[in-house]
Amino acid sequence: MRKTAQVSMEYLIIVGFVTFVVICILGIALIYSGAIKDRIKMTQLNNFANKIISTSESVFYAGAPSKATISVYLPENVYEILISENSLIISIQTSTGKDKTAFSSSVPISGSIDTSSGLKKIKIEAEENNIVISLD
């Protein structure tokens with residue numbers, strides 16, 4: 001009778017230890033998956049802004065009647081896009097909090113873009129002294 005109680009107790013200790021290890025591994029995986037998702041969002045956001053800025057600069061230097069339409073992907077959780085003077089300022093919600101990123105342009109830009117996520121067609125038009133960015 002005493003040996004079966006010892007075996008049962010050892011079994012409970014082993015099961016408890018294995019359960020603890022599995023829960024720790026799942027917690028660490030959850031933290032790292034959040035960091036990876038944030039890195040993917042920021043890469044998509046950088047691609048979005050850099051494509052808009054580079055197209056704006058090439059259209060501006062081409063002259064006044066020039067325009068271009070580009071397709072870009074805006075990631076989820078973007079809650080504000082400001083276009084002012086020579087910069088594109090984008091605010092995004094990440095797993096660690098709110099993050100605001102500014103992208104500078106060598107040409108004056110103006111306009112507006114909505115913050116809904118997904119694939120967007122953006123029209124970039126050159127005027128006399130600046131670039132106008134709008135949804136197509």
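**A colleague's note on salt bridges and sheets**

1. The count of salt bridges here comes to two. Please keep in mind as you read on that this is a predicted model. As background, side chains of opposite charge can pair when their charged atoms come close.

2. Let's start with the pair formed by Lys120 and Asp114. Their closest N and O atoms are 2.8 Å apart, and this counts as a salt bridge because a Lys nitrogen within 4 Å of an Asp carboxyl oxygen meets the cut-off. Asp114, at 35% relative accessibility, is partly exposed.

3. The other salt bridge links Glu125 with Lys123, and here the closest N and O atoms lie 3.6 Å apart. Glu125 is partly exposed, with a relative accessibility of 28%. Lys123 also falls in the partly exposed class, its relative accessible area being 22%.

4. On to the sheets. In general, strands of a sheet pair through backbone hydrogen bonds, and the pairing is either parallel or antiparallel.

5. Which residue of S3 is the bridge partner of Leu82? That partner is Ile89.

6. There is also an open sheet of four strands, ordered S1-S6-S7-S5, and its pairing is mixed. Strand S1 (67-74) and strand S5 (109-111) are the edge strands; each has a single partner strand, so one side of each has no neighbour in the sheet. Neighbouring strands in this sheet are turned by 30° against each other on average, again with direction ignored.

7. In which sense do S5 and strand S7 (residues 131-135) pair, parallel or antiparallel? They pair in the parallel sense, over three bridges. Within this pairing, Gly111 has Ile133 of S7 as its bridge partner.

Note on methods. Residues are numbered from 1 along each chain as its sequence is written. This is a predicted model: local features need pLDDT of at least 70, side-chain atom pairs count only at pLDDT 80 or more; totals for chains, interfaces and linings use all residues. Side-chain values use heavy atoms; hydrogens and water are left out. A salt bridge is a side-chain nitrogen of Lys or Arg within 4 Å of a carboxyl oxygen of Asp or Glu. Buried means under 20% relative accessible area, exposed over 50%, partly exposed in between (1.4 Å probe, protein chains only). Two strands pair if DSSP finds at least two bridges between them. Helices (H or I, at least four residues) and strands (E, at least two) are DSSP runs, numbered from the N terminus. Axes are lines fitted to C-alpha atoms, for helices over the stretch in contact, and angles run from 0 to 180 degrees between N-to-C directions.
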